[in-house]
Amino acid sequence: MNNRLRELREQQGWSQGELAERLEVSRQTINALETGKYDPSLPLAFRIARLFAQPIESVFLPDEA
């Protein structure tokens, strides 16, 4: 699954560590999400979308088939 997490984080001026603290996950989790190595759980995906005040479908994009 593709996502806009890095773009949204950078717009806020947050480091990966700062975003991780806000979401109560590790910085490694943020890195894995941003690089596409990890897909978030549904509750985490909703927390991310809520934090950025975005609809979940504008943060997480399906892979192109």
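Colleague: What does the UniProt annotation say about residues 5–59?

Modeller: The unreviewed UniProt entry annotates residues 5–59 as "domain: HTH cro/C1-type", and in this predicted model that span is 69% helix and 0% strand, with its end C-alpha atoms 7 Å apart.

Colleague: Why is F60 called buried?

Modeller: Buried means under 20% relative accessible area, and F60 has a relative accessible area of 7%, so F60 is counted as buried. F60 lies in strand β2.

Colleague: Which residues is F60 in contact with, leaving aside its neighbours within four places in sequence?

Modeller: With those neighbours set aside, F60 is in contact with M1, N2, N3, P40, A45 and I48, where contact means heavy atoms within 4.5 Å. The C-alpha atoms of F60 and D39 are 9.4 Å apart, although 21 residues separate the two along the chain.

Colleague: Which residues of helix α4 are buried, and what puts them on the same side of α4?

Modeller: In helix α4, which spans residues 42–51, the buried residues are L44, A45, I48 and A49. They cover an arc of only 135 degrees around the axis, and therefore lie on the same side of α4.

Colleague: What covers the buried residues of α4, and which exposed residues does the face turned away from them carry?

Modeller: The cover includes α1 (5–12), α2 (16–23), α3 (27–34), α5 (56–59) and β2 (60–61), whereas the face of α4 turned away from its buried side carries the exposed residues L42, P43 and R50.

Colleague: Which residue just after α4 takes a positive phi?

Modeller: That residue is A53, with a phi of about 55 degrees.

Technical notes
Residues are numbered from 1 along each chain as its sequence is written. This is a predicted model: local features need pLDDT of at least 70, side-chain atom pairs count only at pLDDT 80 or more; totals for chains, interfaces and linings use all residues. Side-chain values use heavy atoms; hydrogens and water are left out. UniProt positions are given in the numbering used here, feature names are shortened, and annotations may be inferred rather than shown by experiment. Helices (H or I, at least four residues) and strands (E, at least two) are DSSP runs, numbered from the N terminus. Buried means under 20% relative accessible area, exposed over 50%, partly exposed in between (1.4 Å probe, protein chains only). The arc is that of the directions from the helix axis to the C-beta atoms.
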